[in-house]
Amino acid sequence: MTDRPTDDLTWTAAWDRATGEERARALFARVLDAEPDGVWSAPGRVNLIGEHTDYNGGLALPVALPHRTYAAVRRRDDDLVRLVSAQEASGVREVRLADVAPGTVDGWAAYVVGVAWALREAGHDVGGFDVAIDSCVPFGAGVSSSAALEAAVAVALDAVHGLGLAGDVVDGAATDDAGRAALAEVCVRAENEIAGAPTGGMDQAASLRARADHALLLDCRDGRVRHVPFDLAAHGLALLVVDTRAPHSHVDGEYAQRRAACERAAGLLGVATLREVADDPAGPDGALDRLAAADDGAVLVRRVRHVVTEIDRVTTFVGRLEAGDVAGVGPVMDASHASLRDDYAVSCRELDVAVEAARAAGALGARMTGGGFGGSAIALVPADAVERVAGAVATAFAAGDLRAPAFAVAVAAPPAG
Ligand code: GLA
């Protein structure tokens with residue numbers, strides 16, 4: 001057991017916009033030897049509730065973070081993409097758009113050229129470009145650094161190639177949600193087909209379609225959104241993000257397995273998505289009984305039970321927020337974590353330690369956020385207890401011989417622009 005002082009906690013600060021834009025511009029000028037046409041940026045996200053529901057046609061409730069990825073971009077007149085990232089030591093990479101296809105590009109570049117590829121697949125006239133990336137969205141923290149990268153590139157290409165989809169952002173709100181929904185779909189295709197990650201659409205929607213001071217209620221059955229006022233400070237509360245920094249090596253395979261289990265269950269039940277089970281006025285028990293008879297019934301029952309109860313929890317959470325009972329969302333967060341840990345089996349020791357320590361130190365509720373197996377937890381805490389709760393989590397990590405976590409405070413920030 002190690003004893004670590006808690007007064008030197010690691011906080012992951014968001015850059016202000018001018019700083020982020022200047023960093024990307026300066027990198028572009030230094031490495032690519034020209035001035036960019038402009039700098040665009042897009043946020044990471046935390047999901048308040050509604051986990052592993054997006055690929056089941058369910059509900060999710062993310063907020064955009066103030067942490068953003070910045071892309072300085074200059075249009076080219078050929079089909080070459082030259083890319084450089086401050087987060088990568090590998091220097092400038094070059095990819096011809098004509099050569100991009102599933103499996104041809106690896107690493108972070110796949111997210112960038114994947115967006116251009118997916119725009120072309122959707123019929124948009126997109127050519128080459130030079131791009132320099134810098135980011136304060138922590139990588140591997142489960143706060144969607146990949147979606148932030150995709151969305152920043154998407155709005156940049158929208159602008160330099162004159163696609164007219166992204167619109168503007170006025171007072172923290174996007175002016176053209178339909179155009180952004182189309183861009184979000186493009187980003188999902190880039191991630192699924194070029195980067196090869198079978199994720200749902202929540203992260204891209206959050207980055208492109210969220211609104212400042214609001215949570216984004218996303219209905220993944222039809223892509224519709226509603227903006228739910230989310231101003232914790234007005235209620236004397238804050239949202240603490242704990243980046244567990246847990247090494248999570250098998251994430252992709254486990255994620256794909258969960259998704260496949262849901263699809264198998266939907267197939268056995270004869271429904272298009274598990275949303276239909278969640279919406280059944282008779283409740284899910286009949287469906288769960290039928291699944292129990294399958295060879296892998298015990299596992300399928302737990303997975304489906306998580307999905308349907310989680311969709312229900314999103315509705316409860318939003319209802320309490322809208323009724324002004326913000327503290328009342330705490331127990332809903334706790335129930336979500338238990339379901340993800342016990343039924344969906346996507347938590348890990350670090351996430352469990354984080355939520356338990358946060359609650360013991362006075363959090364009103366806490367849960368893992370994002371895909372799981374590492375990444376981040378979120379805790380709803382009294383505004384004057386942020387440091388104390390963070391300290392308690394750090395102490396619990398030290399006592400458990402876990403790598404020191406990093407912290408951030410989430411406020412609902414503007415979307416990509
Ligand atoms: C990851 C995926 C999302 C979503 C979450 C779980 O973040 O990228 O699409 O499935 O996991 O809710």
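How many Å separate the centres of domain 1 and domain 2, taken over C-alpha atoms? For this protein it is 25 Å. Hi everyone, a quick word on the model first. It is a predicted one, where local features need pLDDT of at least 70, side-chain atom pairs count only at pLDDT 80 or more, and totals for chains, interfaces and linings use all residues. Residues are numbered from 1 along each chain as its sequence is written, and side-chain values use heavy atoms, with hydrogens and water left out.

Now the domains. Domain 1 covers 13-229 and domain 2 covers 234-410, with bounds from an automatic or database domain assignment. Their contact (heavy atoms within 4.5 Å) takes 33 residues from domain 1 and 40 residues from domain 2.

Let's look at polar contacts, meaning pairs of N or O atoms within 3.5 Å. Arg45 places a polar side-chain atom 2.9 Å from a ligand oxygen atom. His52 uses a backbone N or O atom, 2.6 Å from an oxygen atom of the ligand. For Gly200, a polar backbone atom is 3.0 Å from a ligand oxygen. Taken alone, the ligand exposes 300 Å², and the protein buries 94% of that, by the Shrake-Rupley method with a 1.4 Å probe. Thanks, everyone!

How values were computed: Polar contact = N/O pair within 3.5 Å; in protein donor to acceptor, adjacent residues only side chain to side chain.
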